[in-house]
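Let's take a walk through this structure, one region at a time. Keep the 3D view open as you read.

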There are 2 protein chains.
Amino acid sequence: MTAFDSLMAFQHETEALAQVAGRLGWDQETVMPRGAAAQRAEEIGALEAVLHARRTDPRVGDWLSAIDDAALDPVGAAKMRHIRRSYARAVKLPETLSAALARVTSRAQGIWAEARAADDVGHFLPVLEEVLRLKREEAAALADGGDLYDALLDDYEPGATAAEIGAMFDRMRTRLVMLRERIMGAGRDPARLSGQFPEEGQLRLAHEAATRFGYDWRHGRLDKAVHPFSSGSGTDVRITTRVDERDPFNCLYSTIHEVGHGCYEQGIDPAYLLTPLGAGVSMGVHESQSRIYENQLGRSRPFTGWLFGRMQSIFGDAGAADAEAFYAAVNRVHSGYIRTEADEVHYNLHIMMRFDLERQLIAGTLGAADLEEAWNTRFEHDFGVAVDRPSNGVLQDVHWSVGLFGYFPTYTLGNVYAGCLNLALHSALPDLDAALAKGDTGAATGWLREHVQRHGGFHEPKAVIEQACGFEPNEVPLLDYLDAKFNALYHL
Amino acid sequence: MTAFDSLMAFQHETEALAQVAGRLGWDQETVMPRGAAAQRAEEIGALEAVLHARRTDPRVGDWLSAIDDAALDPVGAAKMRHIRRSYARAVKLPETLSAALARVTSRAQGIWAEARAADDVGHFLPVLEEVLRLKREEAAALADGGDLYDALLDDYEPGATAAEIGAMFDRMRTRLVMLRERIMGAGRDPARLSGQFPEEGQLRLAHEAATRFGYDWRHGRLDKAVHPFSSGSGTDVRITTRVDERDPFNCLYSTIHEVGHGCYEQGIDPAYLLTPLGAGVSMGVHESQSRIYENQLGRSRPFTGWLFGRMQSIFGDAGAADAEAFYAAVNRVHSGYIRTEADEVHYNLHIMMRFDLERQLIAGTLGAADLEEAWNTRFEHDFGVAVDRPSNGVLQDVHWSVGLFGYFPTYTLGNVYAGCLNLALHSALPDLDAALAKGDTGAATGWLREHVQRHGGFHEPKAVIEQACGFEPNEVPLLDYLDAKFNALYHL
């Protein structure tokens with residue numbers, strides 16, 4: 001066997017084991033017996049130790065030295081790009097640091113949950129400081145003297161930099177705040193849905209929507225989870241949702257969102273199965289798929305028209321007077337505290353403040369002790385409302401407790417990419433709205449599969465979006481889309 | 001760290017990974033998307049390769065050489081007994097042979113399923129010959145010049161020998177055949193249940209029965225599977241069942257059977273979690289728990305009396321005129337073709353013929369090509385009925401296709417052990433029948449937990465039964481129990 005063949009065979013097993021680790025996570029959040037948590041932590045720890053050993057295996061270093069990427073075909077070269085990158089990161093991290101991070105973040109997540117339930121920031125602070133110290137140490141080990149935050153960001157969005165993202169966010173903020181203020185000043189507040197929507201019907205509708213959006217049930221399944229997520233790559237890609245009988249949009253749009261993630265994974269070229277190209281290429285590109293499914297398609301006027309009819313037929317009453325009122329309820333703008341409940345206008349403002357705060361935390365210019373005050377000040381400034389309690393403020397997200405610094409901006413990057421793809425999609429498919437009005441998303445999801453999803457990890461993140469759209473990704477299409485949609489909806 | 005501590009830490013991770021492998025199996029049989037089978041095979045293969053490498057890791061050999069078992073406490077010494085045994089077996093097997101067996105049996109299982117569906121023995125023969133050749137090779141590698149069949153049997157029932165089991169089976173056969181003939185000649189054929197029993201009610205009853213038998217839902221769950229099984233050790237022990245709306249006993253007694261397996265695992269001393277003592281000690285002892293739950297307790301007259309009332313209340317009609325007719329339906333003796341559907345009288349006759357045939361296959365005195373004829377001749381002799389087609393005969397069981405030679409006798413060993421435990425149980429608990437009549441199995445399952453289950457792998461298989469019963473395990477209590485029960489039931 002050549003060094004390349006040996007490395008690929010080794011990598012194939014590593015990818016298979018990584019899928020197993022993902023499945024353990026799915027199991028834990030959906031079907032695991034309550035009393036199995038401690039044992040599961042041991043199981044995950046043992047499997048992660050195996051994965052860590054493989055990712056830093058000296059044989060990988062030897063194979064990498066022996067391989068001349070220039071002599072490979074483009075697919076081989078793309079695989080090497082991922083493996084080289086991952087190996088370079090892995091060997092920079094001392095094993096003691098990785099183990100300490102795993103231990104501390106596992107503990108921190110539990111403490112965060114307690115602190116959030118008790119609205120007690122002080123309970124969370126000591127362990128947050130510990131997480132932060134370790135993450136800064138990790139960033140320093142990875143950064144080679146470069147920017148600490150970029151070193152963390154690179155794990156979720158290869159090639160992105162905080163400077164570039166920060167500049168884009170600054171350009172976005174002005175227009176978003178203006179739009180927000182126009183809407184808030186318009187004196188219209190569309191009614192929410194009224195009524196009770198039984199779980200069985202919601203799950204039936206979620207199942208139907210997933211099918212319409214092209215989710216492949218032969219290679220997936222839908223379960224309930226406290227926090228919806230998608231999981232797995234290749235031929236086993238599972239999604240989850242949750243049900244609130246008074247708010248059917250929770251289940252429906254969580255499902256469509258996760259279907260976007262799931263279809264990305266399911267849509268990847270089967271030739272890439274269990275290779276470094278066999279998964280979504282970055283968090284930002286992943287989020288572009290979930291967002292365009294959920295928002296630009298799922299919350300569009302034509303699609304909600306179809307949905308209104310389905311809701312009437314399933315529940316007897318869709319909870320709104322007519323399709324127009326239903327569309328307004330789906331897209332109701334409201335400056336709430338919680339990121340995950342935010343509308344399309346506010347969502348990115350939530351992200352931008354987290355991005356700025358976590359950059360300061362990693363840079364060391366903001367200490368954990370001052371985080372709550374910084375959060376509250378910034379929130380009131382951006383949203384015009386004072387935070388009423390920590391669980392509605394700095395304690396709302398799990399991310400920092402588990403060490404996910406550098407992850408937040410990929411949500412907005414996903415929205416920006418979705419804006420670009422939406423523009424390209426509509427110019428490629430002039431009859432799209434007519435199809436959506438019939439609940440037919442086939443042309444749109446087919447286009448996304450062909451131009452984005454099937455490539456998996458072949459292209460760099462930004463490149464796959466640029467190639468699909470025919471222009472360099474930027475924030476303008478998203479902002480134009482939001483202005484047009486909400487100007488019309490709020491008669492601005 | 002001492003060699004012992006190092007070995008225990010290493011073993012702890014191996015046990016955790018083995019639990020993960022078990023969970024993948026559970027997932028595959030219960031919730032896995034249909035189209036994920038090929039990927040799952042890769043995942044299981046990768047994890048098995050990791051486990052194999054750990055089981056034969058040269059460091060284990062070094063630690064084993066450095067440890068003086070005589071200096072350990074009894075628990076430490078018992079752990080060493082398992083690890084030494086498992087390492088000695090593992091290093092005897094060439095990796096190429098293990099890999100070939102994994103590959104061939106995976107293929108053979110698929111071919112067997114096709115052959116069974118088509119009633120085509122010829123389709124199965126070539127791959128069966130291949131499996132058999134590899135298993136004989138494996139046995140030769142393990143046997144060190146000793147008996148080939150014993151080397152395979154030892155994997156499922158440490159310490160047992162085919163000679164000892166064969167002699168016991170010969171003693172059993174005469175009395176079983178006599179009992180069978182008395183019953184068949186009695187001219188009574190109790191009615192089966194009549195009626196339709198909706199799935200929802202069956203699952204509710206299965207859930208209730210599991211709870212009554214002490215199954216711990218905090219550390220387990222019940223799902224549907226094509227072939228019911230139990231899975232997992234420690235704090236995550238899952239069981240499965242199946243539903244036939246015309247035969248509620250299928251679901252109910254499958255559940256109680258798996259609850260017996262599950263309670264054994266759940267009942268093991270928590271101090272043994274993720275150690276070699278943290279799982280049932282052998283297949284025979286495991287089966288003793290599932291069988292005593294299912295048969296000696298679950299199919300007893302007092303317990304079926306309680307069950308009759310529950311069936312009436314859940315389904316409106318229990319499908320039998322009265323409790324006595326219900327008890328007779330539960331224990332109806334019928335000489336069918338299929339082992340898994342056999343009553344208590346016939347079951348062991350099914351096992352004995354498989355045991356004799358597979359001993360000859362492994363010894364090389366019977367070839368795969370002659371197996372069907374040997375099966376059919378023996379079946380007609382023992383059961384008085386000619387096999388009508390291969391799926392009711394030689395193709396009915398999955399075992400040989402997946403290389404499980406030496407496994408079958410542990411089913412009857414389990415029945416024999418259950419007979420012994422049942423005798424001890426009734427003399428320890430004179431009021432047991434009165435409790436069972438109220439659906440209360442607490443005293444019985446408590447006794448089994450205390451005397452058998454909690455020990456996990458601490459004692460050798462036979463020793464744990466002997467210690468629980470106060471006498472050397474033998475077949476007489478089972479045969480006496482069967483005679484007494486069926487003489488009364490059939491008025492013999």
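Chain B has an open sheet of three strands, in the order 1-3-2 and with mixed pairing. Its edges are strand 1 (222-224) and strand 2 (230-231) of chain B; each has a single partner strand, so one side of each is left without a neighbour in the sheet. Strands here are DSSP runs of E with at least two residues, helices are H or I runs of at least four residues, and both are numbered from the N terminus. Two strands count as paired if DSSP finds at least two bridges between them. Strand 2 of chain B and strand 3 (residues 238-241) of chain B run antiparallel to each other and share two bridges. Ser231(B) has Arg238(B), in strand 3 of chain B, as its bridge partner.

A word on the ground rules: this is a predicted model, in which local features need pLDDT of at least 70 and side-chain atom pairs count only at pLDDT 80 or more, while totals for chains, interfaces and linings use all residues. Residues are numbered from 1 along each chain as its sequence is written, chains are lettered from A and ligands numbered from 1 in the order in which they are written, and side-chain values use heavy atoms, with hydrogens and water left out.

## The sheet in chain A

Chain A also holds an open sheet of three strands, with the order 1-3-2 and mixed pairing. Strand 1 (222-224) and strand 2 (230-231) of chain A are the edge strands, each pairing on one side only. Strand 1 of chain A pairs with strand 3 (residues 238-241) of chain A in the parallel sense, over three bridges. Within strand 3 of chain A, Ile239(A) is the residue opposite Leu222(A).

## Where the chains meet

Which loop holds Thr235(B)? Thr235(B) sits in the loop between strand 2 and strand 3 of chain B. Setting aside neighbours within four places in sequence, Thr235(B) is in contact (heavy atoms within 4.5 Å) with Gly35(A), Ala36(A), Gln39(A), His219(B) and Leu273(B). With Gln39(A), the contact between side chains is polar, at 2.6 Å. A polar contact is a pair of N or O atoms within 3.5 Å; within protein, one must be able to donate a hydrogen and the other to accept it, and residues adjacent in sequence count only if both atoms are side-chain atoms.

The contact between the chains takes 36 residues from chain B and 36 residues from chain A. Together they bury about 2900 Å², with 56% from carbon and sulfur atoms; buried area is the accessible area (1.4 Å probe) that two parts lose on being put together, summed over both. On the chain B side, Pro33(B), Gln39(B) and Arg218(B) lose the most area to chain A, together 20% of what that side buries. Six salt bridges are counted between chain B and chain A, where a salt bridge is a side-chain nitrogen of Lys or Arg within 4 Å of a carboxyl oxygen of Asp or Glu. Arg23(A) and Glu43(B) form a salt bridge through their side chains (3.0 Å, N to O).

## Two domains in chain A

Chain A is assigned domain 1 (3-147) and domain 2 (148-492), with bounds from an automatic or database domain assignment. The contact involves 43 residues from domain 1 of chain A and 51 residues from domain 2 of chain A. Their centres, taken over C-alpha atoms, are 26 Å apart. The two domains bury about 4100 Å² between them, 64% of it on carbon and sulfur atoms. Trp26(A), Asp119(A) and Asp147(A) supply 15% of the area that domain 1 of chain A buries against domain 2 of chain A, more than any other three residues.

Between domain 1 of chain A and domain 2 of chain A there are six salt bridges. Arg389(A) and Asp119(A) meet in a salt bridge through their side chains (3.4 Å, N to O). Helix 6 of chain A gives the largest share of the side of domain 1 of chain A that touches domain 2 of chain A, 14 residues.

## Salt bridges overall

Over all chains, the structure holds 82 salt bridges. The side chains of Lys92(A) and Asp144(A) form a salt bridge (3.1 Å, N to O). Lys92(A) lies in helix 4 of chain A and Asp144(A) in the loop between helix 6 and helix 7 (148-156) of chain A, so this pair ties together parts that are 52 residues apart in sequence.
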